[in-house]
Amino acid sequence: EPWSSLERLNKERDLVGIYISAHPLDDYAVILQDVCNTQVMDLKDIERLDNSDITLGGMVTAVRKGVGKNGRPYGFVTIEDYSGAFEISLFGQDWATWSSYMDEGNTLYITGKCQPRQWKENQKEFKIGKIEFLADVQDSLIESITISIELSRLNNDLILSLTDEINASPGTADLYFQIVDPLGQMNVTLLSKTKKVSVKKDLISFIQSKQGLSYKIN
């Protein structure tokens, strides 16, 4: 049987140490880059995030679990995003609560807070508050997208190709267009009353591939 995309990518990384043809998180790139306020590698400097509300996304790439001398379960979970990988420690009730999400290959959206450790208040930890699967929340997290177009780049070819991309991306996010005139330092913002979109890889890649186009989420 043909490998799934994730299987192929994992074999690429096992063989040469990096992903070659794509990254397993590419379908959620807009969430990681435009919605999340923290990258995984930021957790290595946890003191800098003191008392911050944290949102991050990533893929589970390794899990180690066991039972301590006190009989309480624990787990060490490696989460990876575009910035790198970080191992999160979960003990006792935290492991019992979140362990069902912690299978290798799962892509997760995690919210939490940086706070003092329960028994060592001079040390900080990342305390998970909620975990959801990225596939379940990617549409609800993005309420709107504004596509900015430079007036000098606006022509029939661009309008037709952009229309095709929008028609191929039906969804629930509100769609705005901002026509920008850099020379006159003027712009006008328009709401599409007939189209809503799903803000995913193909639409974002199209916008990024065109000179004079940019976007803003929410």
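Student: Which residues of helix α4 are buried?

Tutor: This is a predicted model. In α4, which spans residues 134–141, the buried residues are L134, V137, Q138 and L141.

Student: How do I read that spacing?

Tutor: Start with the general idea. An α-helix has 3.6 residues a turn, so residues three or four places apart point the same way. Now the case here. Viewed down the axis of α4, the buried residues fall within an arc of 125°, so they line one face of the helix.

Student: What is on the other side of α4?

Tutor: D136 and S140 are on that other side, and they are exposed.

Student: Which elements cover the buried residues of α4?

Tutor: The cover includes helix α2 (29–34). It also includes the strands β1 (53–67), β4 (107–116) and β5 (124–133).

Student: Which residues are buried in helix α6?

Tutor: Helix α6 runs over residues 201–209, and L203, I204, F206 and I207 are buried in it. They cover an arc of only 155° around the axis, which puts them on the same side of α6. The face turned away from that buried side carries D202, Q208 and S209, which are exposed.

Student: What covers the buried residues of α6?

Tutor: Among the covering elements are two helices, α2 and α5 (156–167). Strands β6 (144–150), β8 and β9 (213–217) are also included. Note that α2 is listed as cover for α4 as well.

Student: Let us turn to strands. How many residues of β2 are buried?

Tutor: The general idea first. In a regular strand the side chains alternate between the two faces of the sheet. Strand β2 covers residues 73–81 and is mostly covered, with seven of its nine residues buried.

Student: Which strands pair with β2?

Tutor: β1 is one partner: eight bridges join it to β2, and the two run antiparallel. Strand β3, residues 84–91, is another, again antiparallel and joined to β2 by eight bridges.

Student: In what sense do β7 and β8 pair, parallel or antiparallel?

Tutor: Antiparallel, over nine bridges. β7 holds residues 170–181 and β8 holds residues 186–197.

Student: Which residues make the nonpolar surface patch?

Tutor: L15, V16, I18 and I20 make it, with an area of about 440 Å². Take V16 as the example. V16 belongs to helix α1, residues 5–16. Its relative accessible area is 47%, so V16 is partly exposed.

Student: What share of the contacts links residues 24 or more positions apart?

Tutor: Among contacts with a separation of 6 or more, that share is 58%. The accessible surface comes to about 13,000 Å², and 48% of that belongs to carbon and sulfur atoms.

Key
Residues numbered from 1 in each chain as written. Predicted model: local features only at pLDDT ≥ 70, side-chain atom pairs only at ≥ 80, totals over all residues. Heavy atoms only, no water. Buried < 20%, exposed > 50% of the residue type's maximum accessible area, 1.4 Å probe, protein only. Helix = DSSP H or I, 4+ residues; strand = E, 2+ residues; numbered from the N terminus. Arc of directions from axis to C-beta. Contact = heavy atoms within 4.5 Å. Pairing = 2+ DSSP bridges. Patch = residues over 30% accessible without salt bridge, like charges linked within 9 Å, V, L, I, M, F, W, Y side chains within 5 Å. Areas by Shrake-Rupley, 256 points an atom, 1.4 Å probe, with all protein chains shown as cover. Salt bridge = Lys/Arg side-chain N within 4 Å of Asp/Glu carboxyl O.
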